[in-house]
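Subject: Structure handover

Dear colleague,

Here is the structure we spoke about, with notes on what was found in it. Please read them with the coordinates open.

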Amino acid sequence: MKLSQQVIYQIYPKSFYDSDGDGIGDLRGIIDKIPYLQKLHVNMIWFNPFFVSPQNDNGYDIADYYRIDPTFGTMSDFEALVAKLKAVGIGVMLDMVFNHTSTEHVWFQKALAGDRKYQRFYYLRHAKPDGSLPTNWESKFGGPAWSPFGDTDLYYLHLYDPTQADLDWHNPAVRAACADVVNYWRDKGVKGFRFDVINVTGKANQLVDAPKGVASKTLYTDTPVVQDYLRELNAASFGQDANSVTVGEMSSTTIKNSIGYTNPDNHELSMVFNFHHLKTDYVDGRKWSRMPFDFPRLKHLLDGWATGMDAGNGWQALFWNNHDQPRALNRFGDAGRYRVKSAEMLATVIHLMRGTPFIYMGEEIGMTDPDYDSMADYVDIEALNAYRALVRSGYSHADAFTIVKTKARDNSRTPMQWDASAKAGFTTGRPWLRPTNQAKINVADELAHGELFNYYQQLIKLRQTMPIVADGSYQTWRLDDDQVFGYWRQLGSQKLLVLNNFYAAATTVDCPTEMLTAKVLLSNYDEVTIQPKLVLKPYQSLALLLDEN
Ligand code: GLC
Ligand code: MG
């Protein structure tokens, strides 16, 4: 199947299904649940990293790119997983974390032991003449981005946790080593690759302070050289396979650069993730803050990206959720009264757009953020650091907690809720992260009498079978409606109008005259009447299809 017809499902292995009772999900557990994935009918699965790792950043701190962490299983479990998924037509996408390695990686350990070759794999710098750190850059998880390099008078750069040392991509040996990793997994039948924070690899040779008032990330994020690196990696590895599927995680990128990364003529990546739409509930761009989402901004971003990427023949990964984001239902939908309807509406928005939709595990049953009542339940380093920083900057413990509760990455990392039992049917042991609302939201109930899973099945099928959904062009509907985000798709003689009511209040929109004779392709409510004043119920999505032939 062509990329445009595919839907990708993301599994956070730690939290999907635990087969051995240690409270942590594993590869055998995923194998047990293949029938579920098959039922949803997704084309490929992106797995968050399960390579050998001290797990300081849940596997994004890799100590060995070539081995499976024993917590998750063995290489033969992995091979069985790939084979069994392949047998039911599902591809595998692995997470390649190439901006940094764990400080436990043998490269870093050799560097520490004085091996010059491996010292050149990392950014090692001297303090400034006044003794201060090499640059004033901040780590994305809080604190300075430099730590002392062993007993030397050098410091090493880490944009994330101090145990995640940044690799120096200027060094051709680093780039070749990364291509080797990709090729190793390709040989095992892997066709999909997600490149973690790949657009922060393009740092300058001379690392300099960010001027006052300028965020340090603007100095090294999304720079032109990233495209050279990607072209080289493409040619040396996945680009040799016409069926490979790749996605780059792009921090603070632009439409123009994203076209560059994904226009097929450039031979870089199949698609990119951008995060602008998920910052529309940040106060002044600050993650650790709270406000209701800004609907006009959200709409302009979704529309602007869809329009721009279409015009430049770029390709987007479409998503609301992943393992780094609180559940979208709690942010852009209504996790209470209209949980199911708003989940269906959000899904419609991205699944009928131009691009490749990603479903994050649990989204298809309407999972929401857990209801934790103290910091004791949170484990993610980012959340723990943020909480401390908020308190240090003057927030009360209660206020800091409220912010963490709505923003923590743990929100989406809770175990998949398979049934209503105390451990959510996830494990027989003690779950590494506590589920809280499985009595109300779980797979067993959803499959028995829910409508959401079924709605996802329909969306997936539409993309797989209808060329206009997969390949149609994108056009703006109108951007001035107070509560509806809509868009047009077009292919040959067909036109599709997708309307989505983002609020609990019903509303009406004027039906474009030409669409009065259209048919209803999909809606999350029964009994739709096509009339000049179209009524949209709470969180209703409506897709109208017109064939002018
Ligand atoms: C990406 C991952 C995130 C991780 C970070 C550092 O953003 O999605 O989970 O913490 O990179 O590797
Ligand atoms: Mg286990």
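Helices here are DSSP runs of H or I with at least four residues, strands are runs of E with at least two, and both are numbered from the N terminus. The model is predicted.

**Asn321**

By that numbering, Asn321 sits in the loop between β14 (317-318) and α11 (328-332). Its relative accessibility is 7%, so Asn321 counts as buried. Setting aside neighbours within four places in sequence, Asn321 is in contact with Gln10, Pro326, Arg327, Ala328, Tyr360 and Glu363. Between Asn321 and Ala173 there are 35 Å in space, C-alpha to C-alpha, and the two are 148 residues apart in sequence.

**The magnesium site**

The magnesium ion (ligand 2) is coordinated at 2.2 Å by Asp18 (OD), Asp20 (OD), Asp22 (OD), Ile24 (O) and Asp26 (OD). The spacing of these donor residues along the sequence is D-x1-D-x1-D-x1-I-x1-D. Asp20, at 49% relative accessibility, counts as partly exposed.

**Helices**

In helix α14 (residues 397-407), the buried residues are Ala400, Phe401, Ile403, Val404 and Lys407. Viewed down the axis of α14, these buried residues fall within an arc of 165°, so they line one face of the helix. As a general point, an α-helix has 3.6 residues a turn, so residues three or four places apart point the same way. The cover over the buried residues of α14 includes α13 (381-392) and α15 (410-413).

Helix α12 (residues 339-351) and helix α17 (residues 452-465) have axes that come within 10 Å and cross at roughly 10°. Angles under 35 degrees count as roughly parallel, so α12 is roughly parallel to α17. On the α12 side, the contact is made by Val340, Ala343, Glu344, Ala347, Thr348, Ile350 and His351. On the α17 side, Leu452, Tyr455, Tyr456, Leu459 and Arg463 take part. The residues of this contact between α12 and α17 divide into eight nonpolar, two polar and two charged.

Gln227 belongs to helix α8 (residues 225-236). Its relative accessibility is 15%, and Gln227 therefore counts as buried. Apart from neighbours within four places in sequence, Gln227 is in contact with Asn257, Gly260, Tyr261 and Glu268.

**Loops**

Most residues other than glycine have a negative phi. Which values of phi do Gln55 and His267 have? Gln55 has a positive phi of about 65° although it is not a glycine, and Gln55 lies in the loop between β3 (51-52) and β4 (64-68). His267, not a glycine either, has a positive phi of about 50°. The loop that holds His267 runs between α9 (255-262) and β13 (271-273). With a relative accessible area of 53%, His267 is exposed.

Thr513 is in the loop between β19 (507-510) and β20 (519-523). Thr513 is exposed, its relative accessible area being 65%. From Thr513 to Gln531 the C-alpha to C-alpha distance is 9.2 Å in space, and the two are 18 residues apart in sequence.

Regards

Note on methods:
Residues are numbered from 1 along each chain as its sequence is written. Chains are lettered from A and ligands numbered from 1 in the order in which they are written. This is a predicted model: local features need pLDDT of at least 70, side-chain atom pairs count only at pLDDT 80 or more; totals for chains, interfaces and linings use all residues. Side-chain values use heavy atoms; hydrogens and water are left out. Buried means under 20% relative accessible area, exposed over 50%, partly exposed in between (1.4 Å probe, protein chains only). The arc is that of the directions from the helix axis to the C-beta atoms. Contact means heavy atoms within 4.5 Å. Donors are N, O and S atoms within 2.8 Å of the metal (3.2 Å for Na, K and Ca); water is not among the atoms, so sites may look incomplete. Axes are lines fitted to C-alpha atoms, for helices over the stretch in contact, and angles run from 0 to 180 degrees between N-to-C directions. Angles under 35 degrees count as roughly parallel, over 145 as roughly antiparallel, 65 to 115 as roughly perpendicular and the rest as oblique. Ala, Val, Leu, Ile, Met, Phe, Trp, Tyr, Cys and Pro count as nonpolar, Asp, Glu, Lys and Arg as charged, and the others, Gly among them, as polar.
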